Amino acid sequence: MNIPLKDYTGAKIGMWLFIFTEMLLFGGMFLLYSVYRSMHPQDFHNAAEGLSVMIGVINTIVLITSSLTMAISISATKKGDKNLSTTFLALTILLGLVFLANKYFEWGDKFHHGIYPDSAELLKHGSGEVLFYGLYFVMTGFHGLHVLIGVILLSVMLILIINGKISREDYIKLENSGLYWHLVDIIWIFIFPLFYLIT
Amino acid sequence: MNALSYRTYIVVWLGLVAFTILTVIAAGIDIGRLNVIVPLLIAAIKTILVLSFFMHLKYESWNLKIMLGVTVVILTIIIGFTFLDISFR
Amino acid sequence: MKSFLEENGRYRGIFAWIFSTDHKRIGILYLVSMLTVFSTGVILGLLIRLELIAPGQTIMGAKTYNSLFTYHGIIMIFLFVIPGLSASFGNFFLPIQIGAKDVFFPRLNLLSWWLFTSGGILILASIFTSGGPADTGWTFYVPYSIKTGTNVSLMLFAVFLIGFSSILTGLNFVTTVHRLRAPGMKWFRLPLFVWSLYATAWIQVLATPILGITLLLVIIERFFGVGILDPAKGGDPLLFQHLFWIYSHPAVYIMILPPMGVVSEIIPTFARRKIFGYKPIAFSSLAIAIVGSLVWGHHMFTSGMSDTARYIFSLLTFLVAIPSGIKVFNWVSTLYKGSIELGTPLLYALSFIFLFSIGGLTGLVNGALAINVHIHDTYFIVGHFHYTMFGGAAFGFFGALHYWFPKMFGKMYNERLAKLSWLILFIGFNTLFFPMFILGWQGLPRRYYDYLPQFHTWQLVSTIGSWILAIGIVMMFTNLLEAILNGKKADKNPWGGTTLEWQIPSPPPPENFEEIPRI
């Protein structure tokens with residue numbers, strides 16, 4: 001069953017609709033965050049001291065830059081510049097991996113200090129702090145999962161660019177993958193101040 | 001299809017970095033209740049930059065912009081109405 | 001030209017169906033899966049009624065009873081009424097009614113069905129795996145859903161998959177309506193069924209993710225003890241209820257909008273008149289979708305919410321009845337001075353209006369704060385939602401089934417038997433569910449497996465009603481199955497309908513139209 005396949009606008013609308021669902025998905029978690037923070041402002045303030053602002057800033061810059069490299073890669077494809085496109089997509093993937101590595105060390109450090117869901121150490125603190133770290137692990141966890149999926153998705157796109165399946169004539173897959181990647185950046189743009197900058 | 005210039009993207013990127021630095025600085029200053037609103041406002045501006053330029057929304061059809069608007073409004077209402085309960089208990 | 005039923009494509013046998021990206025085949029796949037699970041849900045319902053036929057233990061203990069109504073609810077809601085007309089008749093007829101050859105993302109459509117079916121299989125599996133069937137009620141309130149040892153995690157994951165299926169279908173339909181309308185098929189020439197599917201699709205896209213994250217959070221809570229939904233660690237149980245109902249209330253509009261859309265198709269056809277008030281009906285579908293997203297708190301009036309929240313939610317609940325009222329007014333106006341042919345589809349459409357009105361009006365009763373205190377979590381609520389979900393959505397579903405059956409299968413069913421089945425169904429339905437309003441008003445709580453002797457009479461009547469209903473259902477399906485096997489051949493337009501599906505052969509060819517029509 002064949003539909004006229006090259007409705008570029010339609011494919012884009014589909015991707016944006018998917019992005020809306022992701023906004024709502026994370027929106028539910030932001031709802032929980034807002035409610036619990038309004039209930040335990042002092043506890044949240046104290047708990048946030050346990051997070052390193054430096055790592056948060058680095059990760060934010062990493063993701064913002066990866067959005068830049070992503071956008072350049074797509075522009076390059078539209079202009080027919082395969083080399084530039086490939087290079088910048090690879091850079092995007094690399095930056096995504098840097099983000100994940102940072103996360104890994106950040107979480108590892110927390111675990112090392114006995115801070116993880118349901119840990120005895122964590123439960124010693126006030127319930128507001130328990131909620132803060134609960135939200136921290138869940139939200140950065142889901143976000144990290146989406147970064148990982150993005151990295152895999154972009155790697156597939158990289159292969160497609162290299163063997164010519166994505167090109168100046170047909171780049172909708174890359175553009176849609178870019179939309180997904182930028183969404184991941186946007187979510188982090190909100191997570192960063194809410195968890196790292198409330199001290 | 002509209003391919004934005006590399007220069008445009010770099011300018012947007014510089015803006016995002018600048019706002020990131022701004023939000024870190026603002027977090028260090030005690031401005032009372034604004035300490036909650038200012039970071040959210042800055043995050044919103046950064047998001048609008050990413051949406052408009054990196055995600056091309058500025059150049060897209062009105063259909064798409066309205067759809068995004070509806071999504072944002074629904075999310076705002078969902079959080080807002082929940083606070084009708086939380087804030088007034 | 002071969003019909004879509006015969007034309008197999010690349011695969012053979014059953015694979016030609018379960019790997020098909022043809023929206024018509026996918027619609028029928030959904031129909032078959034949904035009617036299968038519906039039958040299971042009916043059996044569970046009959047068993048519940050059997051337990052309640054007399055006070056004290058009749059055929060099962062309390063824990064089994066809890067699991068029974070849990071699965072009855074989950075199967076009926078997530079596997080039957082929510083996918084409902086969208087997944088079955090929507091998939092089949094949306095493209096045809098807009099003059100397209102298929103939906104915009106046919107492979108995504110197939111994935112939707114696979115997610116749905118996988119979810120269904122996992123739900124059934126969760127009855128048997130260790131831990132035993134979930135016993136939380138379909139609403140999974142915390143903290144019990146976190147603490148209970150039954151198979152809640154597996155079940156929630158299954159529902160997550162089904163929700164994902166729903167999201168993808170919604171995404172597909174929105175894109176399809178925006179991009180694949182035939183030349184000349186402007187928005188205000190669209191059939192009202194398409195309008196209802198479009199409004200429903202938006203709810204599916206925007207509301208379902210909230211359910212998704214809520215289910216995942218409960219699963220995470222069960223495995224990792226994070227604390228955000230666990231009152232013992234500082235979590236607020238009311239937040240779970242908010243998140244749950246933020247989806248589950250709009251979900252009931254997912255359930256009811258497409259059946260309303262079908263009624264808007266059936267009535268003009270059988271009254272031989274144009275629909276009265278096309279634009280108000282179209283806009284009212286959108287209005288219901290929007291306002292319906294703002295009323296979820298009315299499920300929580302007695303939960304401990306603030307007074308402010310209760311006033312506002314109650315007010316909005318009253319407002320959301322208005323667009324539905326507009327539809328009823330327009331449907332009845334269409335019948336006035338129409339040349340009415342009382343075919344089976346019309347019988348279902350008329351009983352939809354009657355039964356849904358009772359359901360909707362009792363909804364207003366529930367929405368009044370002072371009354372709600374007394375009838376919350378009683379049988380009054382159970383009666384209310386069965387009148388809307390069954391008397392409304394399911395009767396609408398059966399109406400659609402009888403309306404589009406000749407088009408989908410190319411055969412006609414026995415009209416007299418169909419009407420008789422309807423009558424028995426209607427009598428059985430009211431006998432089963434009307435007493436619940438009385439019982440609830442008298443104070444009988446829901447989800448209790450035992451009750452005081454003073455409630456016995458109406459419980460008995462209700463159980464007898466369930467048997468009459470069951471007979472009606474069996475008769476209806478037997479009639480239709482018989483028609484598929486041995487029915488008379490149906491022609492293109494047995495009812496004189498004016499929408500595009502009646503211009504093409506019964507059953508339709510694989511690509512629907514020889515060439516895309518110009519409207």
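C:K407 sits in helix 14 of chain C, which spans residues 379-409. The model is predicted. C:K407 counts as buried, because it has 23 C-beta neighbours inside 10 Å and the cut-off for burial is 20 or more.

**C:K407 and its surroundings**
- Leaving out residues up to four places away in sequence, C:K407 touches C:E501 and C:S506.
- C:M305 lies 102 residues from C:K407 in sequence. In space, the two are 50 Å apart, C-alpha to C-alpha.

**A helix pair in chain C**
- Helix 15 of chain C covers residues 415-441, and helix 16 of chain C covers residues 456-486.
- Their axes come within 7 Å and cross at roughly 155°.
- Helix 15 and helix 16 of chain C are therefore roughly antiparallel to each other, since the angle is over 145 degrees.
- The crossing of helix 15 of chain C past helix 16 of chain C is left-handed.
- The contact of these two helices of chain C has 21 nonpolar residues, 8 polar residues and no charged residues.

**Chain B: domains and a helix pair**
- Chain B is divided into domain 1 (1-55) and domain 2 (60-89).
- The centres of domain 1 and domain 2 of chain B are 21 Å apart, taken over C-alpha atoms.
- Helix 1 (residues 6-28) and helix 2 (residues 34-54) of chain B pack at about 170°, and their axes are 10 Å apart.
- Helix 1 and helix 2 of chain B are therefore roughly antiparallel to each other.
- On the helix 1 side of chain B, the contact residues include B:Y9, B:V12, B:L16, B:F19 and B:L22.
- On the helix 2 side of chain B, they include B:V38, B:I42, B:I45, B:L49 and B:F53. B:K46 of helix 2 also takes part.
- By class, this contact in chain B splits into 14 nonpolar, 3 polar and 1 charged.

**Build of chain A**
- Chain A has 7 helices and 0 strands. From the N terminus on, its elements run α-α-α-α-α-α-α.
- The C-alpha atoms of chain A fill a box of roughly 60 × 30 × 25 Å along the principal axes.
- Of the 199 residues in chain A, 52% are buried.
- Take the contacts in chain A between residues at least 6 apart in sequence: 79% of them join residues at least 24 apart.

**Where chain A touches chain C**
- This contact takes 27 residues from chain A and 33 residues from chain C.
- On the chain A side, helix 1 (8-39) and helix 6 (127-162) each supply at least two residues.
- Helix 1 of chain A gives the most to this side, with 14 residues.
- The side of chain A that touches chain C holds 17 nonpolar, 8 polar and 2 charged residues.

**Where chain A touches chain B**
- Here the contact takes 31 residues from chain A and 28 residues from chain B.
- Helix 1, helix 3 (53-78) and helix 7 (172-196) of chain A give two or more residues to the side that touches chain B.
- Helix 3 of chain A gives the most to this side, with 12 residues.
- The side of chain A that touches chain B has 20 nonpolar, 8 polar and 3 charged residues.

Notes. Residues numbered from 1 in each chain as written. Chains lettered and ligands numbered in written order. Predicted model: local features only at pLDDT ≥ 70, side-chain atom pairs only at ≥ 80, totals over all residues. Contact = placed C-beta atoms within 7 Å. Helix = DSSP H or I, 4+ residues; strand = E, 2+ residues; numbered from the N terminus. Nonpolar A, V, L, I, M, F, W, Y, C, P; charged D, E, K, R; others polar. Domains from an automatic or database assignment. Axes fitted to C-alpha atoms, helices over the stretch in contact; angles between N-to-C directions. Parallel < 35°, antiparallel > 145°, perpendicular 65-115°, else oblique. Buried ≥ 20, exposed ≤ 12 C-beta atoms within 10 Å, placed from the backbone. Left-handed = near helix turned anticlockwise from the far one by under 90°.
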